[in-house]
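Subject: Structure handover

Hello,

Please look through it before reading the notes.

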Amino acid sequence: MTSVAYDWRLTRDLDEFLGRAGGFLRSRPARHTVALTVTDALRRRGTGGYGDDAPLFGVLERGGAVRGAFFRTPPYRLNLTAVDERDADALAARLADVDGALPGVMAEPDTGGAFAEAWRRRTGATVVRDGSDRLYRLADLTPPGPVPAGRARVANAADRVLLARWYRDFADAIGGTAQRDEGEWADDRISYGGVSLWETPDGTPVAMAGATPPVAGQVRVGPVYTPASLRGRGYAGAVTVEVSRAARTAGAQEVLLFADLAHPTSNGLYRRIGYRPVADFAAYAFTGARGRDGGTAGAGRSQSGPRAAPGGLRATAGPSSSPRSCGGR
């Protein structure tokens, strides 16, 4: 790993990154949920799982301790842990030399704002805040009433076509593009029981809710999706409750989800079923920046998590009548 200015160290080696930053990320598994789940997915599926270009990772080390970290899985946004203004500025200076096509950043608001301003100042990019997401943690699970008729069940190989279609429809509904091939996404989720369906008494699936594999004691719920013609009947809320219950029963110490703050109905539902706020995250898009190759950066969609599915995990609105819902890579 090459030492850089202001203690930032960059690498494209996942094992090297986790060797340095893994303990730091696991020390706050809720706030670092996106980094934990994305790097776990990269380890399981290979570093080409989110795009053709190699991911970029960075660690901020000072005084023998890790103070911050980031990852980016091109073409998605930078996902950055909380750092102060000086360290955000130093990172922007470094990345302006090595990643001129950076499409945006996702971070806690103070960090995201500091990095976005530093990026604007150093590259001439136009910077727009284009999303706000809230991370929730499950406290006491309280099923909403009345629960719609039917039951939840774990999706299996027979549901592959349906899952692939709903994953694509989910991406369309939140105004983006699928971050992965829909068939590959369905196969991966089926492999570890990572999607549950709510089905009516006659066995018709009407909603889905996913969950990440457990990492560092945390599981994140998402995506949650109900087809437009079936919304407003409580299906997504019911399946979200069951996925949350299953994660806790399986031993997850923290069950998390993201919700888009632009959708108060969804946020209200999550609170009613027992989720409590942990932290907010801000998404910024960059356009018009000049990279070292003379090219121009595009706005790009965010990734994993909140607004980004691992590099760009996108967290969106919740299981309400809105088509947007908790995202997850």
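The notes below cover the nonpolar core, the aromatic pairs and one of the cavities.

Please keep in mind that this is a predicted model.

In soluble globular proteins, nonpolar side chains tend to be buried together. Here the largest nonpolar core holds 29 residues, and Phe 17 and Leu 25 have the most contacts inside it. Two or more residues of this core come from each of helix H1 (14–27), H2, strand E3 (56–62), strand E4 (65–72), strand E12 (254–260) and strand E13 (275–287).

Aromatic pairs

The count of aromatic pairs is 10. One of them joins Trp 166 and Tyr 225: the ring centres are 6.0 Å apart and the planes stand at 65 degrees, over the 60 degrees required, so the pair is edge-to-face. Trp 166 belongs to helix H5 and Tyr 225 to strand E11 (residues 218–225), so this pair ties together parts that are 59 residues apart in sequence. Trp 166 has a relative accessible area of 4% and is buried; Tyr 225, at 6%, is buried too.

Phe 258 and Phe 281 make another edge-to-face pair, with 5.6 Å from centre to centre and 80 degrees between the planes. Since Phe 258 sits in strand E12 and Phe 281 in strand E13, the pair ties together parts 23 residues apart in sequence. Phe 258 is buried at 1% relative accessibility, and Phe 281 is buried at 7%. Elsewhere, ring pairs link Phe 115, Trp 119 and Phe 286 into a cluster.

Helix H5 and Tyr 225

Helix H5 (residues 160–173) also contains Ala 173. The C-alpha atoms of Ala 173 and Tyr 225 are 9.3 Å apart in space, while the two residues are 52 apart in sequence.

Second largest cavity

There are 4 cavities of 30 Å³ or more. The second largest cavity has about 100 Å³ of space. Its lining consists of 13 residues, and Arg 31, Asn 79, Leu 80, Thr 81 and Phe 281 lie nearest its centre. Helix H2 (33–45) and strand E5 (78–80) are the elements that give two or more residues to this lining. H2 gives the most, with 3 residues. By type, the lining residues are 7 nonpolar, 4 polar and 2 charged.

Regards

How values were computed: Residues numbered from 1 in each chain as written. Predicted model: local features only at pLDDT ≥ 70, side-chain atom pairs only at ≥ 80, totals over all residues. Heavy atoms only, no water. 1 Å grid on protein atoms, 1.4 Å probe; cavity = no way out; pocket = protein on both sides within 12 Å on 5 of 7 lines; lining within 4 Å. Points joined across faces, edges and corners; volume = space filled by probe spheres on them. Helix = DSSP H or I, 4+ residues; strand = E, 2+ residues; numbered from the N terminus. Nonpolar A, V, L, I, M, F, W, Y, C, P; charged D, E, K, R; others polar. Core = buried A, V, L, I, M, F, W, Y, C linked by side-chain atoms within 4.5 Å. Buried < 20%, exposed > 50% of the residue type's maximum accessible area, 1.4 Å probe, protein only. Phe/Tyr/Trp six-rings, centres within 6.5 Å; stacked < 30°, edge-to-face > 60°.
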